[in-house]
Amino acid sequence: MSFRVLFAACALGLVTAELRAVEPPAGAPKVLIVYPKEAKLVGPRAEQRVSVLGVWADGRRWDLTHVARFTSADARIATTEKSTLRPTADGNTTLTVEVAGAKVVVPVAVEKVSADAPVSFVREVEPILTKAGCNAGNCHGAQHGRGGFKLSLFGFDPAFDFAQIVQSNEGRRVVLSDSERSIFLAKPALVMEHGGGERLKHNGREYATIRQWLDDGAPPPTNSARKGAEDPTVTKLEVFPPNRLMVPGEQQQLSVTAIWSDGHREDVTSTAQFDALNDAVAAVTPTGVVTAKDAGETHVMIRFGGWAEVVRVTLPFAKLDTFPDLPANNFIDTHLIAKWKDLGLTPSPLSSDEEFLRRLYLDAIGTLPTSDEIRAFLNDKDPKKRAKVIDRVLDRPEFVDWWSLKWGDLLRINRTALQEKGMWSFHNWVRAQVRDNVPVDQFVRDVVTAEGSTFTDGPANFFQIGRTFEDWSETATQLFLGVRIGCAKCHHHPFEKWSQDDYYGMAAFFTRIGTKTSQEFGIFGRETVIFIRGAGEATHPRKRTFVKPVPLDGDTKVSWDDEFDRRKKLADWLTDPKNKMFSRNLANRFWGYAMGRGLVEPLDDMRATNPASNPELLDALADELVKQKFDLKGFLKTIFNSRAYQLTHASSPGNKLDAANIHFTRYTVKRLTAEQIADGVDFATGTREKYQGLPLGTRAIQLPDSEVRSYLLDTFGRPPRQVLCECERTTKPNIAQAMHLLNGEFLNKKIADKTGRVEKLIADRVPLAKAVEELYLATWSRLPNPDERKKAEGWINSAPNLRDGFQDLLWVLVNSREFQFNK
């Protein structure tokens, strides 16, 4: 077909852009994998989806479910419809799965087929309503419901939902004597007019289940019936396959199994919810069929019964016949190389020495290297000089300034909330901890269990940020675990497993914290004292019962209470080396600070449905942090010594398609923080900014809080330290930043300062070539290349005088991207 004919055909709709389905290779697979390995069907309505994967000689896996042949050895016990197994009578049989001569036999056990088992509202009806979207936020799960009918969001309160369906509106939503006349059943099946459209297929499986529930007399949830027992809850979701390497057009049927608290395993594929996190890479149907679309890596989110899991879907960017033999400096590189092989990516080469040194100084201590330090590093011929300079830089005093600033942001140290003396107390305590290299787990323990005067006991100020036990719980959970649990205060978290029980179980650790204010008013105001009260409980807003303290995923059969201070039990659990939530959160944050983006983004949103780009690496980093006993310097040293950290920022043909650098095939370019810009301008111009209330020479990275006045710092994204979110600090460019440096008096005054760098170059009669080098080293941390040197000397020679020439060159260098970015 010629180009013109093809174009015309596309315009007429004769040719579509849809992906052509990709079939598995011909012949028999080397290995046949069948899920589940054995099937157990319990009850008259049980079913089991059977999935089949074939493994070929090259290691590639293909979904063979749609081409496999399923044969029940005894149809009197179990029958098959395509890949779905259903019970007929109690007993044992086998299911034979066959593809191209390869066979697997699956044992099948059937129980209680004829049992009088009423439909469960919690286990069967609620999942149907959730799958159909009836209790979603844009339908009856909205704050005020819809059309006079309200349900709890995603079915988190079955007792409330039951009352709304069966008892409210004078019971007119259901007709138990004639179930098909029930509005609750007729409307979603469009037997009656329904504003939400069709939600149930008339006489379909879900329709039949709800009709059976009504015919059974609409039995309530066990809790609401007050029978002394609770309905079982989902404790885990198992999804098969957990990950897939695919090509565009390939499809994969997912199977979902719920494990309930009573030990029962149940296939819930038909009522689970499936959502693609990036449908440009892979899409998914409501029945769980994944279709690979375009190169990249994404995840499919699966939700059921308040739980969520993800399946990783990888489509290589390129097919590499051979992968380069890349050196690995440590385990970080090993894990990244494995990911690059899967994705068909190759990394950029190593950075230059100048590029690496500037990057290291900014990332490790927030400071630019001097010209002497740069020249010494460039002249060093030791092959281990990068490892040596990493050690030296991490021992610099600026390390304390830089990482105290980081902790100050996270802990929201500011004088408005803490009073000035409280702010200084907290700030000085943080500096002492960083200076003494106190392990991060001990640092966190001291914060969580702090008490005493906010003027003399620095970490006690943590409990001045927020005023309620819910505030303190949410802060500790997000800061130290990376879990945003606030949604669960009112309802089950929509994209996580956390419930109201989990929320108030965490909050209960903080209910006995008391605050009192001194009656004496000094020059610094009235101090606040944090103390532990003898009583205080968290009340569940829905159940109206006291909630015992239990950490997230903590064993509910264990007592987490404490005779004196519950927070000590929380701190023990929080900082336990076995607590992966804690170590993974810290590892991800520190990795993100060094590498420009986290393995999980945003840094403080760690959840199953926001998976890491390289979960194996994140786990390895968390293990390394534990192995190093939470030594921040040691952990950073591991990152800085990796080859991945030392790659150049420039993309190469082998990684250009990974535009966002999610897989770290090169260094991620970062704009300098507000404090780095301020100190960098001072360093480049040879001046010292005077901050109000602080001695001359105080650097921006040494400021105790965000309320020291500075238009530049505010304009360049300094966080006000009022919001518990990494997003509060911004490095996004804006026009105000450009105008402040390009046209404002701020930079011009510093460049022209009589004690500044330009005047010193003139006073010392530095030769032109050497002066140009010094200006480049003071701003870009590298020597000019021959073309840059020639242009710079030409500009200076054409200026009215040497001073104007130097000032103009310095102005250009400071306003450049190379100065304002870390790359």
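## Helix packing and local backbone features in a predicted model

F630 is buried, because its relative accessibility of 2% falls under the 20% cut-off. The structure described here is a predicted model. F630 is found in the loop that connects α18 and α19. Although F630 is not a glycine, its phi is positive, at about 60°.

A positive phi also occurs at K112, again a residue that is not a glycine, with a value of about 60°. K112 is placed in the loop between β10 (102-111) and α2 (121-131).

Two cis peptide bonds are described next. The bond from Y35 to P36 is cis, with omega near 0°, and P36 belongs to the loop between β1 (31-35) and β2 (39-42). E601 and P602 are likewise joined by a cis peptide bond, where omega is about -5°. P602 is located in the loop between α17 and α18 (615-627).

| Site | Feature | Value |
|---|---|---|
| Y35 to P36 | cis peptide bond | omega near 0° |
| E601 to P602 | cis peptide bond | omega about -5° |
| K112 | positive phi | about 60° |
| F630 | positive phi | about 60° |

The report now turns to helix packing. Two packed helices are described by the angle and the distance between their axes. The axes of α12 (residues 415-435) and α13 (residues 440-448) come within 11 Å and cross at roughly 155°. Because this angle is over 145°, α12 counts as roughly antiparallel to α13. The crossing of α12 and α13 is right-handed. On the α12 side the contact is made by W429, V430 and Q433, and on the α13 side by F443, D446 and V447. By type, the residues of this contact comprise four nonpolar, one polar and one charged.

Within α13, the buried residues are V440, F443, V444, V447 and V448. They lie on the same side of α13, because they cover an arc of only 125° around the axis. The elements covering these buried residues include α11 (398-411), α12, α14 (469-481), α16 (566-574), α17 (580-595) and α19 (632-641).

L810 counts as buried because its relative accessibility is 0%. Leaving aside residues up to four places away in sequence, L810 touches A684, T685, I751, V758, L775 and T779. Between L810 and R412 the separation is 398 residues in sequence and 36 Å in space, C-alpha to C-alpha.

Terms used:
Residues are numbered from 1 along each chain as its sequence is written. This is a predicted model: local features need pLDDT of at least 70, side-chain atom pairs count only at pLDDT 80 or more; totals for chains, interfaces and linings use all residues. Side-chain values use heavy atoms; hydrogens and water are left out. Axes are lines fitted to C-alpha atoms, for helices over the stretch in contact, and angles run from 0 to 180 degrees between N-to-C directions. Helices (H or I, at least four residues) and strands (E, at least two) are DSSP runs, numbered from the N terminus. Angles under 35 degrees count as roughly parallel, over 145 as roughly antiparallel, 65 to 115 as roughly perpendicular and the rest as oblique. A crossing is left-handed if the near helix is turned anticlockwise from the far one by less than a right angle, and right-handed if clockwise. Contact means heavy atoms within 4.5 Å. Ala, Val, Leu, Ile, Met, Phe, Trp, Tyr, Cys and Pro count as nonpolar, Asp, Glu, Lys and Arg as charged, and the others, Gly among them, as polar. Buried means under 20% relative accessible area, exposed over 50%, partly exposed in between (1.4 Å probe, protein chains only). The arc is that of the directions from the helix axis to the C-beta atoms.
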